[in-house]
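Thanks for sending this one over. Here are my notes, in numbered points, to read with the structure open beside you.

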Amino acid sequence: MAITKLLFASLLICSMIQSSHGATKERLFTDLEKGALEITATPSRTGQGVVLAAGVDKLSITWKVSSTATKEAEFKIIKVKLCYAPVSQVDRPWRKTHNELFKDKSCPHKISSFPYDPTVKTAQSFDYTLERDIPTGTYYVRAYAVDAQDHEVAFGQTTNEAKTADLFSVQAISGRHKSLDIASVCFSVFSVVALLVFFVNEKRKAKIEQSK
Amino acid sequence: MPQTFETHDRTAEPEDIFHSDTDLLETIAAHHDVSDQVQAPKQLSPSHSSETGDTGSSMHGVSTKTTGKYDLPVDLEDKATVFKILSVAKPHMRTFHLSWISFSTCFVSTFAAAPLVPIIRENLNLTKQDIGNAGVASVSGSIFSRLVMGAVCDILGPRYGCAFLVMLSAPTVFSMSFVGGAAGFITVRFMIGFCLATFVSCQYWMSTMFTSNIIGLVNGTAAGWGNMGGGITQLLMPVVYEIIRRCGATAFTAWRIAFFVPGWLHIIMGILVLTLGQDLPGGNRKDMEIRGKVVKDKLGKIMWCAVTNYRTWIFVLLYGYSMGVELSTDNVIAEYFFDRFHLKLHTAGIIAASFGMANFFARPAGGYASDMAAKYFGMRGRLWALWIIQTAGGIFCVWLGRANTLVTAVVAMILFSLGAQAACGATFAIVPFISRRSLGIISGLTGAGGNFGSGLTQLIFFSTSRFTTEQGLTWMGVMIIACTLPVTLCRFPQWGSMFLPPSTVTAEQYYVSEWSEEEKQNNMHLGSLAFAKSAESEGGRRAHSTVIV
């Protein structure tokens, strides 16, 4: 059949493409310069056991380039991201940390992205309100310095290397709304009532017909 | 009204008794012409008269004044003898369309959560185990509800059975808006899963409207198109979600609103079924005349025949690894493409949809392949065809798990879907030959085996952190190949097995052996006798005396 031939042909082509893809070296996280950026994130509410509310609470993020940074000349853009702490990655393989940068899923939430101004040497800060699509979890903040080819060259994070210090917890919005709940109940009731009305009506008609 | 079990066993799950194709139709026609001759004085189509079933007291849409003026040619029971797919003529084709669309709607709502899992898992803080357990729950509920549905159809009739189930499960779909955590999510998916029992009402209703000659094709088409709902939902839900997001809702609210769409579909289909559907084509007077003469069989005896036949269990296992893996894949594939290949939600949805949509032709094609094999090699050909198709599906599943690029994964997935779904069709091309007496129960057990296999597979491979999803798919493929091997052990003494030739037992002896001497004296076995005669073609080409080479 023509379809089978087409399938086999595409199969061959695909396997050839795959093998000819070759060995381009993947960019690794461990190649990046550590601690090139010094960054701190202060939540708007602090204290023992405080959980920040998504959509409401803020982070005040302060950053500057470290004096020990060597690749500063390459910095073009600074990307600040919200990252999962290890405790929020347990049993959740879609948040796993990978060394290959393109595979790494531990920092999916973008906080901010802005061009790097080499003339400003002092610490800069900005506020970030936790977005309403941030899930419940424990987080830290990481900033990547990106070069002109959009490749990361250096980074800095608010926590230590073991990712145990200076973490903060966020509680997500529930996504539920009273209006949604009410609409849901209304339609459910309508469904059940419509069915019963129909059923009872027909039974009545059948009885009337039978007695005729 | 007394509930005869014969109606229950034949119609409760006559799941795709025969699958598609004109060659098979001729075989079926042969079955029933012969059986008609054998039992003409008693009733019109003895082995399937029970399929009209006791439709309860609902006479909706039936006017005692109609003189049988239908768009389609009908038989003496006013059942259509022709299957005109594009017509919506009342009552036959209209019933067909109402029936498969409501079954498809239930598939849509059962698997509606699957493509949205990447959003839901963040909102509800789910772990991999929670997601896996919810998947298991979604297919487990219907194991039980399908068994109950047969009784419901007997008592209330298929129209009410369908409408009741569809409209009473609408609240379960709407209750997704209340879900706050893993427990709620699993519970709601479990409850929504009950509505997959519309499969039973769908097949039962078809059998009141279509004559037994073509019931195989009709039921098979209805089942295949219904299963497509599992594919449609992968496309529909992400698109609806995107639209709601664009209208301004946040992600965690948008998915809850998206669930209103399947909920509304339930209500709409329920109302359509109640208003446009009718239980009987007409001529209910004739139905009452015939009803008294049905051969009543005992539930216990039928169950015993089904359960002690080892072939039943082989096919329960096999269906668990063709239909079962199809259901499991419906639950995991969109999330898999989203995570592994970094696709957008609706792109992952499109790819996942093509898996389920292949049912449109893959399932009938499997039945057709089985019939072609039977034409040349008889039952042995059917067994080989099933083994080859299902094992091929397993191999492609392994390949899917091991595919590292998007294109290879998509190709592997499509081939896997063709293999698994064609295997479903091929399975039910053989099931009717396992037993004549217990056809309904065996079909029901096989169907339940499908759901059970799905739950088991999801529990082992997709609910733990032990396997990544790609490893899970690979191992699922290995398990398919392993669990298809038992078909080599299936031996019909009159036709042989894959490797062994037939013995001297004839088809008559095989089918009549299910009845005791006492029952034979009461002529209860005549239907089996007639079936055995018409099953001669399963002997392959050698069995025909006039063979054109």
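Predicted model: local features only at pLDDT ≥ 70, side-chain atom pairs only at ≥ 80, totals over all residues.

1. Helix 19 (residues 345-357) of chain B and helix 21 (residues 406-430) of chain B have axes that come within 8 Å and cross at roughly 20°. Angles under 35 degrees count as roughly parallel, so helix 19 of chain B is roughly parallel to helix 21 of chain B. The crossing of this pair is right-handed.

2. Which residues make that contact? From helix 19 of chain B come I351(B), S354(B), F355(B) and G356(B), and helix 21 of chain B supplies L406(B), V410(B), M413(B), F416(B), S417(B) and Q421(B). By class, the contact of helix 19 of chain B with helix 21 of chain B holds six nonpolar and four polar residues, with no charged ones.

3. Helix 21 of chain B also packs with helix 20 (residues 359-402) of chain B, where the axes come within 4 Å and cross at roughly 145°. Here the crossing is left-handed. The contact of helix 20 of chain B with helix 21 of chain B comprises 24 nonpolar, eleven polar and two charged residues.

4. Helix 20 of chain B has a further partner in helix 18 (residues 323-340) of chain B: their axes come within 10 Å and cross at roughly 30°. That angle makes helix 18 of chain B roughly parallel to helix 20 of chain B, and the crossing is left-handed. On the helix 18 side of chain B the contact is made by M323(B), E326(B), I333(B), Y336(B) and R340(B), and on the helix 20 side by N359(B), R363(B), L400(B) and G401(B). Sorted by class, these are four nonpolar, two polar and three charged residues.

5. Now for chain A, which has an open sheet of three strands in the order 1-3-6 with antiparallel pairing.

6. For one position to look at, S60(A) has D127(A) in strand 6 of chain A as its bridge partner.

7. Lastly, an unreviewed UniProt entry places a "transmembrane region" at residues 182-200 of chain A. In the model, this stretch of chain A is 100% helix and 0% strand, with its end C-alpha atoms 27 Å apart.

Technical notes: Residues numbered from 1 in each chain as written. Chains lettered and ligands numbered in written order. Heavy atoms only, no water. Pairing = 2+ DSSP bridges. Helix = DSSP H or I, 4+ residues; strand = E, 2+ residues; numbered from the N terminus. Axes fitted to C-alpha atoms, helices over the stretch in contact; angles between N-to-C directions. Parallel < 35°, antiparallel > 145°, perpendicular 65-115°, else oblique. Left-handed = near helix turned anticlockwise from the far one by under 90°. Contact = heavy atoms within 4.5 Å. Nonpolar A, V, L, I, M, F, W, Y, C, P; charged D, E, K, R; others polar. UniProt positions renumbered as here; feature names shortened; annotations may be inferred.
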